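Trainee: Could you take me through one part of this model closely, and then show me how the rest of the chain is put together around it?

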Amino acid sequence: MSTLIILVVLLLLVIPPTAGPPGVPALLSLGLQLLCSLPPTRRLRGWWLVAGQAALFAWGPVPFGGPSAFFAASVLLVARGPLRWVLFGGVTVAAGAVNLGADAYVWVNAVGNTATQGLVVFALTRLSDLRDELHATRAELAARSVAEERERAGHDLDAVLGSTLSRVVALAAAGRAGEIPPLTRRAAQQVRQRPEPPPIPPPGDLTPRLALPILTVVYLWVPVAAIIVVARAPVPAGLRVAYWAAVVAVVALQAYHALPRPPGARPRHAAWTLPAQLLLAWLPLLEPDRPYYQLVGWAAAALLIVIPAPRLAWALYAAVVASVPAVLLARSGSAAGIPAALVEVVGMSAMFYGLTAVTRLVYQVRESRLALAGLAAARERRRIAQDVHDLIGYGLSAITVKAELAARDPARAEAELAGIVTVARTALADLRAIPGDGEPGLSLRAELASAREVLEATGATVEIDPEHAPLPGGLDALLAVVVREAATNVLRHSEARHVRIALTARDDLVRLRVDNDGVTGRPAEPGQGVANLTARLAARGGRLTTTSGDHSFRLDATLPAQR
């Protein structure tokens with residue numbers, strides 16, 4: 001869309017006010033500007049384009065803008081830093097210098113159109129560039145947000161859980177088993193908490209940095225040009241002042257309607273301000289001597305900006321634009337001057353609708369980048385919280401069980417304290433690996449052995465039937481997470497006397513089933529750990545089911561053997 005807007009504006013700017021065919025210098029200047037402004041050829045921008053525009057400007061300077069505006073815009077697009085504005089000012093002065101012999105209106109028009117049209121072309125081109133740049137860097141911003149979330153999570157995890165686990169190691173080494181369970185229970189409570197959603201960064205200014213100053217300059221120029229035009233018209237003084245007031249009001253309403261807003265947001269009271277702008281812009285057409293029809297272009301652009309339904313907006317736009325030649329023809333009975341009026345109205349509306357529309361496109365892309373970055377950070381935060389719950393929760397529960405056993409049974413204290421140190425150090429290693437990328441580096445064989453040791457320490461009988469062929473690394477690690485969560489549930493929510501873990505691989509399916517007979521009271525609703533496992537397995541094409549019976553609980557995980 002932005003490319004089409006640029007193309008239409010450039011084509012309309014090169015047509016002379018007489019609506020006759022543009023000259024050769026103007027057509028060549030248009031060709032160079034297309035190379036400079038359109039996205040597919042933007043890589044060709046360089047000083048050779050500016051030199052070409054300068055030569056064409058010297059060959060055939062015109063007072064209505066167009067080629068001189070292209071020259072000014074090319075300077076702004078190619079030059080950098082303060083130099084661009086110095087050169088831009090020089091082009092504007094040169095446009096006035098080559099028209100010194102004309103009357104005051106022609107001279108002012110040449111200077112004003114060169115500056116304002118040049119700024120419009122520059123703004124449309126740079127906004128289009130910015131839109132493409134923002135779109136191209138959406139993935140980079142999302143990746144940076146994920147990296148920042150990982151860094152923040154790493155600091156937070158180390159500060160909260162890392163310090164707890166380090167403290168556990170120190171207490172176990174000192175033989176102070178009784179102080180360990182309160183620490184690990186508090187840490188386990190933190191692990192089970194759902195993470196808060198990450199804050200979405202504010203969108204900032206709704207307008208790109210240069211758009212608002214350029215719009216301000218253009219909006220200020222139009223009343224000046226209109227005042228000069230009306231001052232030259234042979235109308236009574238009172239009517240002249242009324243025309244000037246109408247011009248200022250139309251421009252002010254246009255600025256109000258074109259203020260940058262979020263997508264879908266309409267100006268307040270648009271049901272009144274838009275008809276008022278249309279009426280004030282259209283009334284000068286009834287002036288019998290010299291109507292100032294350019295204001296209709298502003299009002300027509302406002303229709304496209306304000307009305308949310310595209311079909312209705314374009315239908316009304318066409319009707320308003322068509323009213324200009326219709327009124328002129330009805331009043332004069334001659335078609336002379338009508339093509340020029342039509343070109344000027346359409347050109348004016350294209351410029352100001354284009355500026356607003358492309359600014360909105362940039363804002364929409366900027367918002368989509370921020371939204372994608374926020375979603376990526378939220379997804380990463382959930383992933384980290386899931387890994388903390390699934391990987392660290394088991395270690396904390398195992399430490400709690402071992403510490404309680406060490407405190408109750410002095411004969412077992414030394415062995416259990418040594419086991420606490422081993423589990424805590426393993427949990428620390430897992431904790432520091434969680435903010436990284438990739439699957440948890442777990443081993444199913446190691447997790448089965450650990451589950452047996454910890455569950456048997458509680459007095460349960462553990463039966464493991466691991467008859468299966470070697471599994472791919474990712475599948476092996478995922479089933480290790482399932483074993484961890486199942487063991488954690490037994491430790492936290494049951495008083496199991498018998499636990500059976502069975503693993504089978506048949507018909508391209510791998511199935512892990514964990515049964516225990518220690519459910520007390522009413523079966524608990526599946527918690528966050530089960531939800532985490534369900535999501536993990538679903539991502540691999542598998543499924544997780546849980547079944548509660550009379551003092552029994554079954555966790556059943558099924559996965560395709562190849563994925």
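**A close look at helix α15**

Mentor: Happy to. Let's start with a helix pair: α7 and α15 cross in a left-handed sense. Keep in mind throughout that this is a predicted model. Helix α7 covers residues 138–173, and its axis lies 9 Å from that of α15, at an angle of about 160 degrees. Angles over 145 degrees count as roughly antiparallel, and α7 and α15 therefore run roughly antiparallel to each other.

If you want to select the contact in your viewer, take L157, D158, L161, G162, L165, S166, V168, V169 and A172 on the α7 side, and L417, I420, V421, A424, R425, A427, L428, L431 and R432 on the α15 side. Sorted by class, the residues of this contact are 13 nonpolar, two polar and three charged.

R412 has a relative accessibility of 33%, so it counts as partly exposed.

The other partner I'd show you is K402, whose side chain meets that of E416 in a salt bridge at 3.3 Å, N to O. K402 belongs to helix α14 (residues 338–408) and E416 to helix α15 (residues 410–433), so this pair ties together parts that are 14 residues apart in sequence. K402 is buried, and so is E416, since each is under the 20% cut-off for relative accessible area.

For an arrangement with another direction, look at α2 (residues 24–37) and α4 (residues 67–78). Their axes come within 9 Å and cross at roughly 25 degrees, which makes α2 roughly parallel to α4. This crossing, too, is described as left-handed. A26, S29, L30, Q33, C36 and S37 of α2 meet P67, F70, A73, S74 and L77 of α4. The classes in this contact are seven nonpolar, four polar and no charged residues.

R511 and D556 form a salt bridge with their closest N and O atoms 2.5 Å apart. This pair links distant parts of the chain, R511 being in strand β3 (residues 509–516) and D556 in strand β5 (residues 552–560), 45 residues apart. R511 is partly exposed, at 35% relative accessible area, whereas D556 is buried, at 6%. Over the model, the salt bridges come to 12.

One backbone detail is worth a click as well. Where does H269 sit? H269 is in the loop between α10 (237–257) and α11 (270–282). Its phi is near 65 degrees, a positive value in a residue other than glycine. H269 is exposed, with a relative accessible area of 52%.

Finally, step back to the whole chain. The protein chain has 18 helices and five strands, and 52% of its 563 residues are buried. Of the contacts between residues at least 6 apart in sequence, 74% join residues at least 24 apart.

Key: Residues are numbered from 1 along each chain as its sequence is written. This is a predicted model: local features need pLDDT of at least 70, side-chain atom pairs count only at pLDDT 80 or more; totals for chains, interfaces and linings use all residues. Side-chain values use heavy atoms; hydrogens and water are left out. Axes are lines fitted to C-alpha atoms, for helices over the stretch in contact, and angles run from 0 to 180 degrees between N-to-C directions. Helices (H or I, at least four residues) and strands (E, at least two) are DSSP runs, numbered from the N terminus. Angles under 35 degrees count as roughly parallel, over 145 as roughly antiparallel, 65 to 115 as roughly perpendicular and the rest as oblique. A crossing is left-handed if the near helix is turned anticlockwise from the far one by less than a right angle, and right-handed if clockwise. Contact means heavy atoms within 4.5 Å. Ala, Val, Leu, Ile, Met, Phe, Trp, Tyr, Cys and Pro count as nonpolar, Asp, Glu, Lys and Arg as charged, and the others, Gly among them, as polar. A salt bridge is a side-chain nitrogen of Lys or Arg within 4 Å of a carboxyl oxygen of Asp or Glu. Buried means under 20% relative accessible area, exposed over 50%, partly exposed in between (1.4 Å probe, protein chains only).
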